[in-house]
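Please take a moment with the sequence and the structure below before reading on. The paragraphs that follow lead through a few places in turn.

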Amino acid sequence: MSATINCTEFADYFAIPVQNQMKPAYVFQVEGKPHSIDEFYLDDLEPIHSRRLSPQLLEEPVITKDIYEVAVALIQMFDDVDMKESGIKTWSGAPFVSERSSVLVFLPGLGEINCMHELLTNLVHKRLQVYPLHSSVTLEEQNNIFLSPVPGYRKIILSTNIAESSVTVPDVKYVIDFCLTRTLVCDEDTNYQSLRLSWASKTSCTQRKGRAGRVSKGYCYRLIHRDFWDSGIPDQVVPEMLRCPLGSTVLKVKLLDMGEPRALLATALSPPSLSDIERTVLLLKEVGALAVRGQSEDENPHDGELTFLGRVLAQLPVSQQLGKLIVLGHVFGCLDDCLIIAAALSLKNFFVIPFRQHLDGYRNKVNFSGSSKSDCIALVEAFKTWQACRQRGELRHPKDELDWGRLNYIQIKRIREVAELYEELKKRVSQFSMHVDSRRPVVDHEYTHKQRFILQVVLAGAFYPNYFTFGQPDEEMAVRELAGKDPKTTIVLKHVPPYGFLYYKQLQSLLRQCGQVKSIVFDGTKAFVEFSRNPTERFKTLPAVYMAIKMSQLKVPLELNVHSAEEIEGKVQGTAVSKLRNTRVNVDFQKQTVDPVGVSFNTFHSTQMVSELLLTIDVTEVVEVGHFWGYRIDGRNSEILKKLTAEISRLKLVPLSAHPHPDLVCLAPFAAFDQQSYFRAQILYVSGNSAEVFFVDYGNRCHVDLGLLMEIPCQFLELPFQALEFKICRMRPSARSLVCGERWSGGASRRFAGLLRGCALLVKVFSIVHSVLHVDVYRYAGLQGLVHVRDVLIHEGYAELADECHESKQSHEVLKGLFSKSVENMTDMSVLSPGKDDEKHLTQVLLDSFSSKKLGAPNCKAVLHGPFNPYELSVTV
């Protein structure tokens, strides 16, 4: 390792008095003979870029598109420099250099590395091997920079300042320096630390320049103007003491009883300002590390005695927030989890994101976090999983451990460092009688949820006021943007090219990394993509939606190979296909249909699920309190189910032609009935030799052997599914039901199941939202007559009244208007408006022409904007 320091500043600080004068310490200079390094600035590079770059624009710490292009042009120019130095001449007009020197490019962060990497990978036939170097990439990827490139290829290293002093690559001949860095700074108002883009100091840039010229003459290209280098770039980096919180330093001063913090810190090499010290003391008092008032009335307000919490924090090698987290964890009985979080956050994050695999790394972290969506809880679960695997002997060999780390996107070296700090923290807190309880607790059904809830409360208390909150989404705007689709299952893509339904297979393939696509509705320049979900899991945002939104945040491109609208309309002769340009088209991947849709998304189609507002039902599946499945038991519906069962029983059953997979609709026997009786069912998931299926006409589910699943004829898919999904309206959990950390407590769940068990129910439909009937539920209670289930839960303290969402209120008004008219008028409404048969024919003509390749290969690309979900925009930090 090497570093560049200000020798004069150190010599003056350690000066000694000699003959009544302060004489600086001696500075010894050791001469070396490094290879020469030529420096160049943007002023010297004007021949390689087409237009003059504005000096005013370049004074802002940002990388413009023009500067990226200059860097790319430089890399392409290095072949000429290599040949000129080696005296190689072109042969048959095609120069070839077998040994091409490496290039080290300094960029401020991972986002800029991604951008530069994409530009370089677009340079075809340039024989470049590009390697990223960043703290979040895997150890294997970091080690790639030391490998020799393939003969004839040039190695390009895209690095942050990690390569400034801690890494030396001997074969680097060229350094391209954007002269930018991300510096840890502290906000004066919130005391919150963040990385801010800023200009690197001349000291750092000199250090970067020294990465070249180790084995031969080097070249350093600084992508700023020479005048700005002389006048705008700072000479030295601001010391950390002047830009970061001083909490740990002040606590050490108080623990060692070295006097008032202001007086001692004033003697530092780069003393912090008095206001920073005073603000830090006040923050420590707010945390509880320093006493607010001592014995004397004239006590200094910017000083204070150490409290017990302060003594603990001073003994721990972590920040004040993490130290407070440990103490609160001891108080609330979750010390072990808090020690893991403190150890993991103090060191580098052991979750790694391989380059160009950000989505996979994010998915893995989401899986560890469970339903909490918390980074801290993901760290705890991943660490405990690693510990458990080691204790079971599954990671006995180093290779097994490394393979486990690659599979789970975890850096094994870093998680071992976290384990060492975790053990060290356990020893230190034991001095204060804080011990991790190794005894297994008496685990009840709700223990895990209660502990998770307590841990989340402790995290909020430890990191206050720095935590995120969820703001209320604008429901009316979300409904408008999503055209009535379910925000928990649907995303929106914008800038869809004309005749977008022709490319639905491409779009399905692009989004397959997020989840299984159920349907896509193309509406002009928008596409509404709905992901498949388990029928028994409602009111939770699908992981696929989170993954799609993450794609948008990571700016993962969604590119379609398309034909121009003019080409499509010109080559498909004899049909007026232009009318399909703005027609709404629905692609259903389950039914494998592509059909034009005549009316916009609204409540009208949903009302065909019911023909009256009062229904008598039988409950078959309780999902959670207030959420259940059932089917109608009136005479008309009973006759429909009876006829359906009879027709299925007359079929000659045929085993499935395709391998069973989730969302597949088939015929399956119900375990409680005779194995010869089959019903329509949808596969939820497959496990081993069995599958869990959902009976779409009744609403219950069971496990069935794969060999018993049968093919369903197409005509049986035309009849709508008879099972109905219900949610009790205007009700939410009470505080008593939320104390265990889940949506409803076990007591509330048992009470609700008891109220629904063993009797038919009368429901009154309030609204229909995304095929879910929001209802008031009544049960017969002997002499009491009809009893409202919601009133019982509220009276017993399990629930409380709540407002319905915007969509539910909107649907309620529509239903009131519809059912005030005759039922016949309502049921006669058609989904397809007049003339849609012609559009369906034209749609099929286009699809046939496209699939038979009559239009030839696509000749251009279209970039879609998205994915977008207005409900996700409510998160504020």
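**A walk through the predicted model**

Glu 85 is placed in helix 3, which covers residues 65–86, and the model in which it is seen here is a predicted one. With a relative accessibility of 40%, Glu 85 counts as partly exposed, because that value falls between the 20% under which a residue is buried and the 50% over which it is exposed. Once the neighbours within four places in sequence are set aside, the residues in contact with Glu 85 are Lys 173, Lys 217 and Tyr 219.

From there the reader can turn to helix 11, made up of residues 274–287. This helix has 14 residues, and the distance from its first C-alpha to its last is 20 Å, which is close to the 20 Å expected at 1.5 Å a residue. Asp 276, Ile 277, Thr 280, Val 281, Leu 284 and Lys 285 are the buried residues of helix 11, and what covers them includes helix 9 (247–255), helix 10 (261–265) and helix 13 (320–331). Just after helix 11 comes Gly 288, whose phi is positive, at about 105 degrees.

Next comes a pair of helices. Two packed helices are described by the angle between their axes and by the distance between those axes. For helix 14 (residues 335–346) and helix 19 (residues 447–463), the axes come within 11 Å and cross at roughly 45 degrees, so helix 14 is oblique to helix 19. The crossing in which helix 14 passes helix 19 is right-handed. On the side of helix 14, Asp 337, Cys 338, Ile 341 and Leu 345 take part, and they meet Leu 455, Val 458, Leu 459 and Phe 463 of helix 19. Sorted by kind, the residues of this contact between helix 14 and helix 19 comprise seven nonpolar, no polar and one charged.

The last stop concerns the backbone in two loops. Most residues other than glycine have a negative phi. Ser 433, although it is not a glycine, has a positive phi of about 60 degrees, and it is found in the loop between helix 18 (412–430) and helix 19. The relative accessible area of Ser 433 is 55%, and Ser 433 is therefore exposed. His 495, also a residue other than glycine, has a positive phi near 60 degrees, and its place is the loop between strand 12 (490–494) and helix 21 (504–510). Because its relative accessibility is 47%, His 495 counts as partly exposed.

Key:
Residues are numbered from 1 along each chain as its sequence is written. This is a predicted model: local features need pLDDT of at least 70, side-chain atom pairs count only at pLDDT 80 or more; totals for chains, interfaces and linings use all residues. Side-chain values use heavy atoms; hydrogens and water are left out. Helices (H or I, at least four residues) and strands (E, at least two) are DSSP runs, numbered from the N terminus. Buried means under 20% relative accessible area, exposed over 50%, partly exposed in between (1.4 Å probe, protein chains only). Contact means heavy atoms within 4.5 Å. Axes are lines fitted to C-alpha atoms, for helices over the stretch in contact, and angles run from 0 to 180 degrees between N-to-C directions. Angles under 35 degrees count as roughly parallel, over 145 as roughly antiparallel, 65 to 115 as roughly perpendicular and the rest as oblique. A crossing is left-handed if the near helix is turned anticlockwise from the far one by less than a right angle, and right-handed if clockwise. Ala, Val, Leu, Ile, Met, Phe, Trp, Tyr, Cys and Pro count as nonpolar, Asp, Glu, Lys and Arg as charged, and the others, Gly among them, as polar. The expected span of a helix is 1.5 Å times one less than its number of residues.
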